[in-house]
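Please look through the sequence and the model shown here, and follow the strands as you read the report below.

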Amino acid sequence: FNHLWEISYCEFGDAHDGVYTGDVDGLKFHHNYLHNFQDDGIYLSSFSKLYQPQHGPRQFYQNVISGCLMTFAFGGDAQLSTDVHVYRNILDGSAVVSDHGGPPWESMRWYHNTILANPQFMLSSRTGGRPWEAFNNLLLVGTRTAGPEQEGAAYGGNSAGDPGFQTGDFRLPQGSAAIDAGVKLPQEWPDPLRGEDDGKPDAGAIPLGSERLNVGRHGRLSF
């Protein structure tokens, strides 16, 4: 049965595509390291119709995804699957999200990610009016922080520019423009680091003063 899965502290790499998650209902995917794919890091589209999905959105949080064409992707002759929530990740590919062949896109909620990939399509809903939300992300490519006015789309608290990271360390340094750049988010939005963020929310995956993000087998990789 493809429901209520939890995948954590794993490593995926050196392949054409990464992990296919479109047919899982109620997924928690966290503290994983995905690296070095010719195409997509995480594939979101479903190739079979889920039977009455009832276990909530697929949640992707506190992962590092790098070295791929698209960190998240839709594609093929796909069915709509469950909603997707992406938060507190470090994302580094050519594009943060895109598709193959114009399939339907599920509703997505992007918040508190550090994004080194092109955010163009994260800042442009393709859901046909279904909710598409992007808040408190730290964008290192380009200057845009919001998308056009579209039905179902909402943006706020995103920060663009150089945050002053040290090489390989994605914690915010003192004086970074990303500090207190975010907006308050609803309490019902899951956030494992909410209690570590003093004052206004910081933009990005790791708030000021928090520890580095440890991912992979036994948390052996630190970012």
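Which residue in β17 is the bridge partner of Glu 133? The bridge partner is Ala 154, and the sections that follow place this pair in its surroundings within a model that is predicted.

Strands of a sheet pair through backbone hydrogen bonds, in either a parallel or an antiparallel way.

## The open sheet

Both β15 and β17 belong to an open sheet of seven strands, whose order is β1-β4-β7-β10-β13-β15-β17 and whose pairing is parallel. At the edges of this sheet lie β1 (3–8) and β17 (153–156), each of which pairs on one side only. From one strand to the next, the twist averages 5°.

Strand β9, made up of residues 70–75, is mostly covered, since six of its six residues are buried. What lies opposite Tyr 43 in β9? The residue standing there is Ala 73, and strand β6 (residues 40–43) pairs with β9 in the parallel sense over three bridges.

Strand β9 also pairs with strand β12, which spans residues 95–100, again in the parallel sense and over five bridges. Within this pairing, Phe 74 stands opposite Asp 99 in β12. When you trace such strands in the model, keep in mind that in a regular strand the side chains alternate between the two faces of the sheet.

Technical notes: Residues numbered from 1 in each chain as written. Predicted model: local features only at pLDDT ≥ 70, side-chain atom pairs only at ≥ 80, totals over all residues. Heavy atoms only, no water. Pairing = 2+ DSSP bridges. Helix = DSSP H or I, 4+ residues; strand = E, 2+ residues; numbered from the N terminus. Axes fitted to C-alpha atoms, helices over the stretch in contact; angles between N-to-C directions. Buried < 20%, exposed > 50% of the residue type's maximum accessible area, 1.4 Å probe, protein only.
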